[in-house]
Amino acid sequence: MAASSSSSSSSSLLFSSIFLFFLLSGSILQIHGLEVGINYGQIANNLPSPSRVAMLLQSIGVYRVKLYDADPNVLTAFANSNIEFTIGLGNQDMKSVSDPSQAKVWIQTHVQPYISQTKITCILVGNEVLGATDQQFVPYLYPAMKGVYSALSSLGLTNQVTVTTAHSAAILQNSFPPSSGSFRPDLAQYLEPILDFHSKTKSPFLFNAYPFFSYMDNPNEISLDYVLFKPNQGMDDPITKLHYDNMLYAQLDAVYAAIKKMGHSDIEVHVSETGWPSKGDPNEVGASVQNAATYNGNLLQRVEKKEGTPGRPDVPIRVYVFALFNENLKPGPSSERNYGLYYPDVSPVYNIGLQKGYLPQLYISSGNQRTAFLEFVHFIHTEDCERQDHITRNTLSWRQSDITFNFPHPPKTPRHLE
């Protein structure tokens, strides 16, 4: 166990050293960042190190990440990466941080040690609390949000860090047609102060939206093309006469309508989770590699166009895709373990244009040898500690002139997209 820990630490240090070298030498290619964010879940025992994940995300141009905790290993590995982080405060911690003094301790432990080097921009207080079957945490949600905000304010961090929480579709009483969207009456007493909080602090209302679940439950009534952003006849809202060509936008406008019914039109709604599983149990209709690739690929195109919903055409949708990796220890049906864009070995589950084949390839030259950077990293990651230390020392002697880029010509549209 000790030897394994030493190897892991050396490997992590090595990746950090290599990345730092390129950063300081000015040799990191600044790829235009994607508008989409990604959820980085870690309910698995076979995921790559946070250092490797940092390199992966920068290589594909993702600069917004959402965690479900405040993992210090991740926050340390992403130092100086320019990637924006939403970190999570667990449901079980909400009662404690309802006390501003305890919330301050939480911030001093999980935010302050990292924020000077890692861009922590948002704290997610709880996840899907109001829509949960277990209601034990519900009374603590708003007090916890208020406690965390108060602690940030006392530490002078409210200009850097916002406070919010994420909701599931279970908080909606009605979602069709979109203009008739409304929240469950039994949750009004909890939602009213939360919405006031968002309005006052200018923080977003986060919504976890999964058209997959709607299709899985009603495959004979809901068009697959409609949920996958493929060409279809869509639907018209009979009240507003607005036309919808996909379910995600209809769900978002239903949330906007529900918020408006509670007296607010100044709160922006962000999609904190959406995705599609590449595999599922026999009864999970629609779970497939092809459908997952189509949903996420077409969603990415919509996000990059900075589209708004029919009800909010001037507000580009803000989306965090679920998820970065397949997570082998997640409980529940098979689909829960197969939402990832990548396998734990960092190979893509399917192609939506984010893979390194469509990106500039970085090469390192040494004498007459020319090695692809990602291949080089894989090589040294598998070597023993002594070899790693030797290569790390040599890394620092490389010259900027030894580093070149190749620019492959990407196809205009990934093959699977319609």
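**Exercise 1.** Are Phe229 and Tyr295 buried or exposed?

The model is a predicted one, in which local features need pLDDT of at least 70 and side-chain atom pairs count only at pLDDT 80 or more, while totals for chains, interfaces and linings use all residues. Residues are numbered from 1 along each chain as its sequence is written, and side-chain values use heavy atoms, with hydrogens and water left out.

Solution. Phe229 is buried, and so is Tyr295, where buried means under 20% relative accessible area, exposed over 50% and partly exposed in between (1.4 Å probe, protein chains only). The two form a tilted aromatic pair, 5.3 Å centre to centre with 45 degrees between the planes; rings of Phe, Tyr and Trp (its six-membered ring) pair if their centres lie within 6.5 Å, and planes under 30 degrees apart count as stacked, over 60 as edge-to-face and the rest as tilted. Because Phe229 lies in the loop between helix H9 (224-227) and strand E9 (235-236) and Tyr295 in helix H11 (residues 289-304), the pair ties together parts that are 66 residues apart in sequence; helices (H or I, at least four residues) and strands (E, at least two) are DSSP runs, numbered from the N terminus.

**Exercise 2.** Determine which residues of helix H5 (residues 100-110) are buried, and how they are arranged about its axis.

Solution. In H5, the buried residues are Ala103, Trp106 and Ile107. Seen down the axis of H5, they fall within an arc of 95 degrees, so they line one face of the helix; the arc is that of the directions from the helix axis to the C-beta atoms.
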